[in-house]
Amino acid sequence: MLTLASKLKRDDGLKGSRTAATASDSTRRVSVRDKLLVKEVAELEANLPCTCKVHFPDPNKLHCFQLTVTPDEGYYQGGKFQFETEVPDAYNMVDVVWGLNSLFTDLLNFDDPLNIEAAEHHLRDKEDFRNKVDDYIKRYAR
């Protein structure tokens with residue numbers, strides 16, 4: 001992140017030395033997006049749930065990050081779920097992180113499911129459903 005912040009300061013200094021006619025709209029748009037991303041990252045780090053960790057492989061591309069969610073309660077407790085995320089311009093990265101985290105908490109609704117087959121399995125046999133979730137966590141989410 002320091003690399004991007006340094007880049008933004010350097011870019012601002014370069015922009016000040018250019019004339020307005022030579023600065024392209026795309027350069028200004030990217031610069032504004034970069035500034036917004038720096039603010040979003042700061043907000044994200046200040047409000048990140050304890051069940052989430054964010055890693056930025058390239059500090060110059062803050063819109064591309066890795067999110068790891070490790071639920072501390074419910075069916076998915078003990079699992080480690082990793083997401084490679086690229087946030088488009090139209091989205092706020094904080095909302096994306098909270099949305100992914102919510103898949104394991106408040107969006108887990110068997111009455112209005114995202115996965116109908118899993119919800120039917122849960123309603124039919126809760127114990128078998130829990131066993132299947134535990135098996136999947138052991139196989140794919142450690």
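This is a predicted model: local features need pLDDT of at least 70, side-chain atom pairs count only at pLDDT 80 or more; totals for chains, interfaces and linings use all residues.

Colleague: Let's begin with the overall layout. How many helices and strands are there, and how do they run?

Modeller: The protein chain has five helices and three strands. Starting at the N terminus, the elements come in the order α-α-β-β-β-α-α-α.

Colleague: And how much of the chain counts as buried?

Modeller: Of its 142 residues, 30% count as buried. The chain exposes about 9600 Å², and carbon and sulfur atoms supply 52% of that area. As for contacts between residues at least 6 apart in sequence, 48% join residues at least 24 apart.

Colleague: Now for single residues. Why is Glu 73 called exposed?

Modeller: Glu 73 has a relative accessible area of 53%, and exposed means over 50%. The value is over the cut-off, so Glu 73 is exposed. Glu 73 sits in the loop between strand E2 (64-69) and strand E3 (81-86). Its C-alpha atom is 8.9 Å from that of Phe 104, which is 31 residues away along the chain.

Colleague: His 63 is next on my list. How do you know that His 63 counts as buried?

Modeller: The relative accessibility of His 63 is 17%. That is under 20%, so His 63 counts as buried. His 63 lies in the loop between strand E1 (52-55) and E2.

Colleague: Which residues does His 63 contact, beyond its neighbours within four places in sequence?

Modeller: They are Arg 33, Leu 37, Thr 85, Glu 86, Val 87 and Met 93.

Colleague: Let's move to a charged residue. Why is Glu 40 called buried?

Modeller: Glu 40 has a relative accessible area of 13%. Since the cut-off is under 20%, Glu 40 is buried. You will find Glu 40 in helix H2 (residues 25-47). Setting aside neighbours within four places in sequence, Glu 40 is in contact with Tyr 91, Asn 92, Met 93 and Val 94. From C-alpha to C-alpha, Glu 40 and Met 93 are 6.7 Å apart in space, although 53 residues separate them in sequence. Leu 62 and Glu 40 are 9.3 Å apart by C-alpha atoms and 22 residues apart in sequence.

Colleague: Met 93 brings us to helix H3. Which residues of H3 are buried?

Modeller: In helix H3 (residues 93-102), the buried ones are Met 93, Val 94, Val 97, Leu 100, Asn 101 and Ser 102. An α-helix has 3.6 residues a turn, so residues three or four places apart point the same way. At the start of H3, a side-chain oxygen of Asn 92 comes to within 2.7 Å of the backbone nitrogen of Val 94.

Colleague: What makes Asn 101 buried?

Modeller: Its relative accessible area is 8%. With buried set at under 20%, Asn 101 therefore belongs in that class. Not counting residues up to four places away in sequence, Asn 101 touches Pro 49, Thr 51, Cys 52 and Val 69.

Colleague: How do you know that the side chains of Asn 101 and Thr 51 make a polar contact?

Modeller: A polar contact needs a pair of N or O atoms within 3.5 Å, one able to donate a hydrogen and the other to accept it. The side chains of Asn 101 and Thr 51 are joined at 3.0 Å, so the distance meets the cut-off.

Colleague: Last stop, the helices H4 and H5. Why is H4 called oblique to H5?

Modeller: Helix H4 (residues 116-124) and helix H5 (residues 126-140) pack at about 130°, with axes 5 Å apart. Roughly perpendicular covers 65 to 115 degrees and roughly antiparallel begins over 145. The angle falls between these ranges, so H4 is oblique to H5. Ala 118, His 121, His 122 and Arg 124 of H4 meet Lys 126, Asp 128, Phe 129 and Lys 132 of H5. By class, this contact has two nonpolar, two polar and four charged residues.

Colleague: And why is His 121 called buried?

Modeller: His 121 has a relative accessible area of 10%, under the 20% cut-off, so the word buried applies.

Technical notes. Residues are numbered from 1 along each chain as its sequence is written. Side-chain values use heavy atoms; hydrogens and water are left out. Axes are lines fitted to C-alpha atoms, for helices over the stretch in contact, and angles run from 0 to 180 degrees between N-to-C directions. Helices (H or I, at least four residues) and strands (E, at least two) are DSSP runs, numbered from the N terminus. Angles under 35 degrees count as roughly parallel, over 145 as roughly antiparallel, 65 to 115 as roughly perpendicular and the rest as oblique. Contact means heavy atoms within 4.5 Å. Ala, Val, Leu, Ile, Met, Phe, Trp, Tyr, Cys and Pro count as nonpolar, Asp, Glu, Lys and Arg as charged, and the others, Gly among them, as polar. Buried means under 20% relative accessible area, exposed over 50%, partly exposed in between (1.4 Å probe, protein chains only). Accessible areas come from the Shrake-Rupley method with a 1.4 Å probe; for residues, only the protein chains shown count as cover.
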